[in-house]
Amino acid sequence: MIEKMKFISITGPKTDIDRVVNTYLSKYEIHLENALSELTSVANLSPFLENNPYKEALAAAVSFYDELETPPAPSQKELSIEEALSTVKRIQDEAKRLNEEKTKLENEHSQLVESLKIIRHFKNIDYDISSILKFEFIHLRFGRIEKQYFQKFEKYIYDNLDTLFIKCEDDGEYVYGVYFVPKHDARKIHAVYSSMHFEQIYMPDTYTGTAKEAFEYLDTRHKELHAALNANKSAWKDYLSANQQALADAKTAIEKFSNNFDIRRLAACTPGETEVFFILCGWMSEKDALSFQEDIKHDERIFCLIGNDEKDVSKQPPTKLKNPKLFKPFEMYVKMYGLPAYGEMDPTWFVAITYSFIFGAMFGDVGQGLLLFIGGFLLYKFKNVTLAGIISCAGFFSTIFGFLFGSIFGFEDVIPALWLRPMNAMMTVPFVGKLNTVFIIAIGFGMGIILVCIIFNIINSWRAGDVEKTWFDTNSVAGLVFYGSAVISISLIVSGKKLPGAIVLCVMFLVPLLVIFFKEPLTNLVKKKSEVMPKGKGMFFVQGFFEMFEVLLSYFSNTLSFVRIGAFAVSHAAMMEVVLMLAGAESGSPNILVVILGNLFVCGMEGLIVGIQVLRLEYYEIFSRFYKGTGRKFEPFRSK
């Protein structure tokens with residue numbers, strides 16, 4: 001069912017809005033609307049403009065909370081906003097200190113890595129680097145040369161130049177080293193080295209001692225920095241872990257105050273020079289609205305007005321579903337299709353009954369039904385899995401139909417069939433011949449469901465004041481008369497009884513079809529419009545002819561669609577017969593492992609297929625006849 005809603009307007013001094021929200025509104029579920037767009041008849045209202053002072057603290061708390069490996073749930077302890085902000089500020093200060101330390105270490109680390117990249121190739125030079133770099137009459141360059149060019153240089157050129165090349169490292173692709181040349185001959189020899197693709201590596205003058213000593217010092221420092229960075233990371237992790245509960249409580253408190261403060265975006269302010277008042281408006285359930293009014297009756301600084309007519313507001317009321325626990329899981333299917341509009345019938349109870357019943361008929365087996373019932377119930381009870389609740393209800397009906405069909409884990413010789421066996425039950429239909437009984441019953445059941453859906457549509461259309469859909473449409477009173485007449489006639493034929501006379505049949509079938517054909521002119525006539533018939537009469541009749549053909553075809557196809565109930569009942573029995581045949585049940589000693597695996601396979605695969613097929617029937621054959629699903633979701637700014 002849909003809870004009865006009341007539109008309420010709350011007003012009080014502008015400076016008192018936080019007290020009102022924290023003291024009163026936080027205890028109730030209220031779907032807030034924008035006061036400026038709703039209260040259009042009130043003149044000179046202005047928006048409530050203030051920046052949220054908790055936004056930055058909340059963002060920091062959320063980012064810290066997300067870093068926790070196993071975030072704790074908030075405790076029952078309620079912090080004041082000052083305590084919560086103080087906790088976040090303390091964690092921010094520690095984070096800032098550790099982050100500055102980390103940044104400093106990372107900067108030193110990056111510089112160190114660059115220095116190590118340079119010196120590691122020349123660590124074999126057993127001479128003070130700073131002294132080499134200060135030579136006055138000898139030029140030198142550190143660098144590398146490709147191995148193939150170095151071999152040519154060494155073989156053909158090196159002995160003819162006034163240069164000394166000290167080879168430091170050979171990595172297979174490059175030869176690293178340093179060469180020395182006299183100052184007076186430096187330009188020419190530099191050009192020769194350059195022609196051999198020598199790549200200079202600039203050596204900074206920050207190194208002390210020999211290259212090996214400089215490398216060892218830098219390598220040691222590099223390891224120290226790694227250890228310091230790891231210690232910095234561990235310190236932050238340990239600090240967060242030690243303060244995780246305080247952080248969770250602070251985050252919850254700040255979220256509460258931040259959300260409460262954000263209500264200002266939906267509030268409006270009255271004009272005034274001395275005292276300005278805020279106005280909040282929204283929807284509450286009738287029960288909550290009355291409790292809220294009772295709660296504030298002694299508070300002289302707040303006033304609440306409860307509206308009596310939902311038509312006075314610009315938006316339709318939001319939809320809040322309230323169903324018994326047994327039906328509640330089936331709200332998922334209704335929400336997947338679309339929430340019912342406020343005032344429309346909530347089909348949850350109907351879905352729960354028809355879905356479970358049809359599933360049971362298509363999947364009738366005592367053993368497999370009990371597995372679905374118990375397994376679904378446990379998952380729903382302890383894990384709160386909504387789909388499991390639906391499976392549990394469907395499994396219960398599967399068990400019932402298992403007794404009716406006399407099937408337990410596929411065995412049909414263990415318990416007697418209280419009704420019939422789907423594969424064997426046959427009946428004779430006039431003009432058709434012998435047909436499986438479950439097919440005939442499935443079609444009869446489908447006819448009954450379609451009639452019920454047409455009645456639901458008439459009720460919904462009557463509530464909505466829609467004349468056409470109440471009296472003249474396919475699923476209206478006219479449609480009910482036509483389809484009901486068809487159901488009665490088919491029932492008489494199947495039972496072997498005589499049909500009514502031709503005049504009665506003409507009235508039963510022809511008159512409703514003519515009403516459906518002329519639904520637009522009849523609607524215009526009832527509404528007393530000046531133009532009853534459309535201007536393009538030729539197009540009207542052509543379009544009406546094809547629409548009538550579609551109406552008749554939809555009645556036929558929708559009815560025939562319910563044959564799948566009987567088809568799956570038969571196919572389930574056939575599949576289990578195959579499983580038992582593979583297990584060797586005919587010999588009297590079936591293979592238990594094959595029976596178990598076969599049952600699990602059928603239970604899983606066919607259960608999934610049947611579940612989807614039943615949902616298809618719900619959406620296409622049932623919902624399409626009476627349900628729109630155009631409602632707005634009830635979204636309270638804070639849930640209970």
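Figure 1. Helices (H or I, at least four residues) and strands (E, at least two) are DSSP runs, numbered from the N terminus. This is a predicted model, in which local features need pLDDT of at least 70 and side-chain atom pairs count only at pLDDT 80 or more, while totals for chains, interfaces and linings use all residues. Residues are numbered from 1 along each chain as its sequence is written, and side-chain values use heavy atoms, with hydrogens and water left out. The C-alpha atoms fill a box of roughly 130 × 90 × 60 Å along the principal axes. The radius of gyration is 42 Å, whereas a compact globule of 640 residues would have one near 26 Å; the value is taken over C-alpha atoms, and the globule rule is 2.2 Å times the number of residues to the power 0.38.

**Figure 2. Confidence, contacts and surface.** The predictor's confidence in each residue, pLDDT, runs from 0 to 100. Its average over the protein is 88, and 98% of the residues score at least 70. Helix α5 (residues 129-132) has the lowest confidence, with a mean of 78, and helix α12 (residues 348-362) the highest, at 96. Of the contacts (heavy atoms within 4.5 Å) between residues at least 6 apart in sequence, 76% join residues at least 24 apart. Buried residues are 44% of the 640, where buried means under 20% relative accessible area, exposed over 50%, and partly exposed in between (1.4 Å probe, protein chains only).

**Figure 3. The annotated coiled-coil region, residues 81-115.** The label comes from an unreviewed UniProt entry; UniProt positions are given in the numbering used here, feature names are shortened, and annotations may be inferred rather than shown by experiment. In the model, residues 81-115 are 100% helix and 0% strand, with 50 Å between the end C-alpha atoms.

Figure 4. Residues 471-493 are 83% helix and 0% strand, and their end C-alpha atoms lie 28 Å apart. For residues 592-615 the figures are 100% helix and 0% strand, with the end C-alpha atoms 34 Å apart.

Figure 5. C304 is in no disulfide either, and its nearest cysteine sulfur, that of C281, is 11 Å away. C269 is buried at 2% relative accessibility, and C304 is buried at 7%.

Figure 6. Most residues other than glycine have a negative phi. H197 has a positive phi near 65° and sits in the loop between α7 (186-195) and β7 (199-200). H197 is partly exposed, with 40% relative accessibility. F409 is not a glycine, yet its phi is positive at about 55°. Look for F409 in the loop between α14 (386-405) and β11 (426-429), where F409 is partly exposed at 31%.

Notes
A disulfide is a pair of cysteine sulfur atoms within 2.5 Å.
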